[in-house]
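This report goes through a structure shown below.

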Amino acid sequence: MGYYIECSRPKGKATEIIEAFDGIEISADEAEMIIREDLGGAIICVVDNGPFEAAAYCYNLDEFRQFSRPDDKRRKTWLLVNNKAKVEELTGYNR
């Protein structure tokens with residue numbers, strides 16, 4: 001099951017998350033390293049699905065791999081949000 005951040009608009013979710021939660025844009029390689037090395041913060045993958053975007057919380061390496069498959073050609077923006085507790089609250093993630 002995926003965990004997602006709801007935003008106010010169907011598009012522009014990366015910008016909204018950056019502005020609302022002091023997120024920063026990172027590369028997929030950086031996202032993987034942060035998860036693999038448990039460096040803290042929450043990794044969000046904003047996936048462009050055409051008419052809408054989804055802002056998925058990549059809470060572990062398996063979840064990250066679901067969104068970084070080479071055969072998935074959708075445009076993705078990777079974000080780091082330092083306030084992991086807030087992301088978990090917004091997404092309903094329960095450890």
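How far is the sulfur of C45 from the closest cysteine sulfur? The distance is 5.4 Å, to the sulfur of C58, which is too far for a bond. The model is a predicted one: local features need pLDDT of at least 70 and side-chain atom pairs count only at pLDDT 80 or more, while totals for chains, interfaces and linings use all residues. Residues are numbered from 1 along each chain as its sequence is written, and side-chain values use heavy atoms, with hydrogens and water left out.

**Cysteines**

A disulfide is a covalent bond between the sulfur atoms of two cysteines. Here the term is applied to a pair of cysteine sulfur atoms within 2.5 Å, and a search of the whole structure finds zero of them. C45 counts as buried, at 0% relative accessibility, and C58 is buried as well, with a relative accessible area of 2%. Buried means under 20% relative accessible area, exposed over 50%, and partly exposed in between (1.4 Å probe, protein chains only).

**The sheet**

Helices (H or I, at least four residues) and strands (E, at least two) are DSSP runs, numbered from the N terminus. Strands of a sheet pair through backbone hydrogen bonds, either parallel or antiparallel. Two strands are taken as paired if DSSP finds at least two bridges between them. Four strands form an open sheet in the order β1-β4-β2-β3, with antiparallel pairing. At the edges stand β1 and β3 (53-58), each with a single partner strand, so one side of each has no neighbour in the sheet. On average, neighbouring strands are turned by 35° against each other, direction ignored.

The pairings are set out below.

| Strand pair | Bridges | A bridge pair |
|---|---|---|
| β1 (residues 24-26) and β4 | Three | I24 and L80 |
| β2 (residues 42-48) and β4 | Six | C45 and W78 |
| β2 and β3 | Six | V47 and A54 |

Strand β4 (residues 76-81) is mostly covered, with six of its six residues buried. Which residues of β4 lie on each side? K76, W78 and L80 are on one side, T77, L79 and V81 are on the other, and all are buried.

**The helices**

Strand β2 pairs with β3 over six antiparallel bridges. Helix α1 (residues 13-21) packs on the sheet, touching β2, β3 and β4, and its direction makes about 10° with that of β4. Helix α4 (residues 84-91) also packs on the sheet and touches β2, β3 and β4; its direction makes about 125° with that of β3. Axes are lines fitted to C-alpha atoms, for helices over the stretch in contact, and angles run from 0 to 180 degrees between N-to-C directions. Contact means heavy atoms within 4.5 Å.

In helix α2 (residues 28-36), A31, I34 and I35 are buried. Seen down the axis of α2, its buried residues fall within an arc of 95° (taken from the directions from the helix axis to the C-beta atoms), so they line one face of the helix. An α-helix has 3.6 residues a turn, so residues three or four places apart point the same way. The buried residues of α2 pack against β1, β2, β3, α3 (61-67) and β4.

M33 also lies in α2, but M33 is partly exposed, with a relative accessible area of 44%. Not counting residues up to four places away in sequence, M33 touches D38 and L39. The C-alpha atoms of M33 and L61 are separated by 9.5 Å, with the two residues 28 apart along the chain.
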